[in-house]
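Reader: I would like to go through this structure term by term. For each label, please give the value and the cut-off behind it.

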Amino acid sequence: VLALSLLICLFGKDILIPRKYEDKIVEIIATGEKSEFSVSYEVWILSIIVNGNKVEFEDIALMNNWEIKDNCLASKAGESVNLLELYINEMESIEINFGKHDWSGIVEVKCGNEIERIDLYSDNGGGETVNISGEYKKIGIEKIWLLYGNYIAVFIGLSFFLSVFEWKRKY
């Protein structure tokens with residue numbers, strides 16, 4: 001039983017310690033810039049998928065010059081910088097799908113220290129997808145020691161109980 005206790009404590013931490021993802025802020029920035037070939041500065045978001053679930057654009061608090069247009073989110077800021085912030089609880093992953101065409105500008109996507117800059121110009125259409133993975137919340141060492149201590153105490157108690165039970169059975 002003691003060996004089983006040690007194995008569970010050493011190798012069962014992902015089962016014993018539930019891991020949660022950190023809350024994140026994802027910034028989508030229509031930069032107000034474009035390539036030399038683009039006609040305009042447009043940024044169109046075709047879809048946003050968070051933790052495997054499609055986000056309805058109506059559920060997003062639109063900021064500045066963002067609007068829902070033709071079932072997409074579109075920046076209407078022109079040459080101005082236009083920010084859209086998404087607050088995501090326990091973000092495991094996010095996928096942002098952008099439209100590309102000859103009127104598209106440049107967009108930046110920021111999450112923590114990650115920054116991705118994309119020129120959405122394309123003379124033949126299409127799309128571009130940005131995928132960002134979340135991070136696990138850090139667990140304080142005091143919580144780990146407390147949790148492991150509790151499990152070890154339970155297993156020592158069980159070991160003692162089983163050994164007393166076995167001793168009484170033999171004698």
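Reader: Leaving aside its neighbours within four places in sequence, which residues is Leu 83 in contact with?

Author: Leu 83 is in contact with Glu 27, Ile 28, Ile 29, Met 63, Asn 64 and Trp 66, its neighbours within four places in sequence left aside. Contact here means heavy atoms within 4.5 Å. The model is a predicted one, in which local features need pLDDT of at least 70 and side-chain atom pairs count only at pLDDT 80 or more, while totals for chains, interfaces and linings use all residues. Residues are numbered from 1 along each chain as its sequence is written, and side-chain values use heavy atoms, with hydrogens and water left out.

Reader: Why is Leu 83 called partly exposed?

Author: Its relative accessibility is 24%. Buried means under 20% relative accessible area, exposed over 50%, and partly exposed in between, with a 1.4 Å probe and protein chains only. Leu 83 therefore counts as partly exposed. Its place is in strand β6, and its C-alpha atom is separated by 9.9 Å from that of Val 107, 24 residues along the chain.

Reader: What makes β6 largely enclosed by the rest of the structure?

Author: Five of the seven residues of β6 are buried, so the strand is largely enclosed by the rest of the structure. A strand is a DSSP run of E with at least two residues, a helix one of H or I with at least four, and both are numbered from the N terminus. On that basis the chain has three helices and ten strands, in the order α-α-β-β-β-β-β-β-β-β-β-β-α from the N terminus on.

Reader: How do you know that β1 and β6 pair?

Author: Two strands pair if DSSP finds at least two bridges between them. β1 and β6 have seven, in the antiparallel sense, so they meet the definition of a pair.

Reader: Is Ile 115 buried or exposed, and how do you know?

Author: Ile 115 has a relative accessible area of 54% and is therefore exposed. Its place is in strand β9. Not counting residues up to four places away in sequence, Ile 115 touches Glu 108, Val 109 and Lys 110.

Reader: Why is Ser 40 called buried?

Author: The relative accessible area of Ser 40 is 16%, so this residue counts as buried. Ser 40 lies in the loop between β1 and β2. Beyond residues up to four places away in sequence, Ser 40 touches Lys 34, Asp 102, Trp 103, Ser 104 and Gly 105.

Reader: Which members of the largest nonpolar core touch the most other members?

Author: A nonpolar core is a set of buried Ala, Val, Leu, Ile, Met, Phe, Trp, Tyr and Cys residues joined through side-chain atoms within 4.5 Å. Of the 25 residues in the largest one, Ile 45, Ile 48, Ile 94 and Phe 98 touch the most other members. Elements that give two or more residues to this core include β1 (24–30), β2 (43–50) and β6 (82–88). β2 gives the most, with four residues. With its neighbours within four places left aside, the contacts of Ile 45 include Ile 28, Trp 66, Leu 84 and Phe 98.

Reader: Which residues line the largest pocket?

Author: Among them are Val 50, Lys 54, Glu 85, Leu 86, Tyr 87 and Ile 88. The largest share of the lining, four residues, comes from β6.

Reader: How much of the chain counts as buried?

Author: Of the 171 residues, 34% count as buried. Among contacts with a separation of 6 or more, 69% are accounted for by residues 24 or more positions apart.

Technical notes: 1 Å grid on protein atoms, 1.4 Å probe; cavity = no way out; pocket = protein on both sides within 12 Å on 5 of 7 lines; lining within 4 Å.
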